[in-house]
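Here are a few exercises to work through with the model open in your viewer. Try each task before you read its solution.

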Amino acid sequence: MRTFVAARHLWALAFGLPLACFDPSSLEGWPEYGEESEGSSSGGAVTTAVGTVTSDGSTGDESGDDEPAIPTLPADLPPEIFDLSVSPDLLHVAGPLMISLGHSDDVEVIEISEVGVGPLATLDPHQLPYEVPITGAKHNGEHTFEVVVRDHAGLRASAQASASVALPPTGTAVWSWEAELGNSVVLGLAPLSDGALLAGYLFTEEGPRPRVSRLNAAGKEIWESEPFDGLGYAVAVAVQPGGDIVAIGNRYKNDQPTTQAMWMRRLDPVDGAAAPGWGADGLTGERARALTITADGSIILAGETRGADLKPLHDALLWGFGPGGDARWTSALALDLGHCASEGDDVAFAVAALPSGGAVLAGEVRCAWDQDPNSVTRGAVAEVNSQGDPVGVWVDLEGAESWLRGLAFAANGDVLVSGARRQELAADPQPTAWRLRGDLEAALWSRALATSSDDAMATSIAVNHDDEVVVASTVHEQMRVIKIAPDGQGPALWQQLLPLDVGPDEVHVMALGRYDEIHLAGEATLAGIHRAWATKLAP
């Protein structure tokens, strides 16, 4: 009987009933715990110490007139979806479909799926709105999404909403840009959500002068900046998490191209002005080639050094800087894996940050290999930790020679590189792509992307949302973009030549935007004038 007395006291407190209303003598005649009582179950209803809840949610109280009424809890109601929307109603450029909904406060889990496709995500309410990336014309058509919400008891509610996608075919030009002045080149590029950044140089009567430009979403130039007053060039540009722009390049010491030195500057995203007192200037013989930004905004540069004595051969060189531009470490690397019979000439041309704070670099080493009297070049990839110490190295020992220029990561951690390979020493090279294991222990595949030519080079490589591999190359003085399957096999999924004019043309850099938009830049001959050029293509 004490169990029921305690329960009655609790219900009196819970419903604000005065305890004086409760008479323990009223429990006389109630069955002891474990005894059957008449009417303990009836018509699918279950009798509890607090009343009876029927299968349809109604309540019943079978107590006699002489028993005090026992307060009852209302039946639990399912959560509610007040509104569900997918915007925009019609998407005509690569970008997101945004799923938003209003719901009751008791919702704890939200499940989103696409009808005919399957589950997309399971979210907490604070993770809304949810973004569905649309990355190409393959998504064209109507998309219907179903959202299911659940409360703590597992009760649910659901709703559906739709939107349509009508993107242009892959390779359709979104915009094209060309420099107003001739004798100019783009060497570096960084896509933005509302445009792009370009890095390169303008050749003047005195020599090359560095240039960094910002384009808007329509491909129009917003500003042009000269990061320092002197001869040299900008080679790469990137954006830190806070939005600041970091540009790097090389300057001519004493205005002599034979004595170059690295420079790094921070630029204002609004007008391109260089931040006073911020940056770094390398020693003579230290040349920067590539730039990457880590998750915390730290900066890693890659290139080469000839050392203080300006020796004829180079070592690959990495510089590590904090988010504020403070120098933290430098690391000179040999990339030959011990195969060189002579001192190697090592250069790093590309670098990409790892989540660990380290980086992977791609480049090449030239030397006499394994006692072979021929001095040949081999493509090489190295991983370094957050202090620049080498962790692993891979060298392409297939074919007669190879060179690497582009570098990217797949979602599973595989490393992709691009460049060129020569099968015979007397043969012209072919633009080539490789996919390596993430630990650099082996190449999973390599693939020649076009016929051979004396200028063949796959300068950039990237991986899209579908793990497809996109490569930009120059072959026979023409720009070419190709998309191949993740395993490197089968015919090209898509490819496009860019015959801008009579040529010659050369692509120096390619990068994918957030929604796989293809950005290309380099130099083109337009109306007989050689000038910097860039374009954005639909994914």
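**Exercise 1.** Keep in mind that this is a predicted model. Which residues are linked with Arg-211 in a network of salt bridges?

*Solution.* Start at Arg-211 and follow the charged side chains: the network links Arg-209, Arg-211, Glu-224, Glu-226 and Asp-229. Now zoom in on one pair. Arg-211 bridges to Glu-226, with 2.6 Å between the closest N and O atoms. Arg-211 sits in strand β16 (residues 208-215), while Glu-226 is in the loop between β17 (221-225) and β18 (232-239), so this pair ties together parts that are 15 residues apart in sequence.

**Exercise 2.** Take the two partners in turn: is Arg-211 buried or exposed? And what is the relative accessible area of Glu-226?

*Solution.* The cut-off for buried is under 20% relative accessible area. Arg-211 comes in at 16%, so Arg-211 counts as buried. Glu-226 has 30%, so Glu-226 is partly exposed.

**Exercise 3.** Find the salt-bridge partner of Arg-421 and work out where each residue lies.

*Solution.* First, the partner is Asp-396, at 2.8 Å from N to O. Finally, check burial: Arg-421 and Asp-396 are both buried.

**Exercise 4.** How many salt bridges does a search of the whole structure find?

*Solution.* The search turns up 23. One of them joins Asp-439 and Arg-437, with the closest N and O atoms 2.6 Å apart. Asp-439, at 37% relative accessibility, is partly exposed, and Arg-437, at 34%, is partly exposed too.

Technical notes:
Residues are numbered from 1 along each chain as its sequence is written. This is a predicted model: local features need pLDDT of at least 70, side-chain atom pairs count only at pLDDT 80 or more; totals for chains, interfaces and linings use all residues. Side-chain values use heavy atoms; hydrogens and water are left out. A salt bridge is a side-chain nitrogen of Lys or Arg within 4 Å of a carboxyl oxygen of Asp or Glu. Helices (H or I, at least four residues) and strands (E, at least two) are DSSP runs, numbered from the N terminus. Buried means under 20% relative accessible area, exposed over 50%, partly exposed in between (1.4 Å probe, protein chains only).
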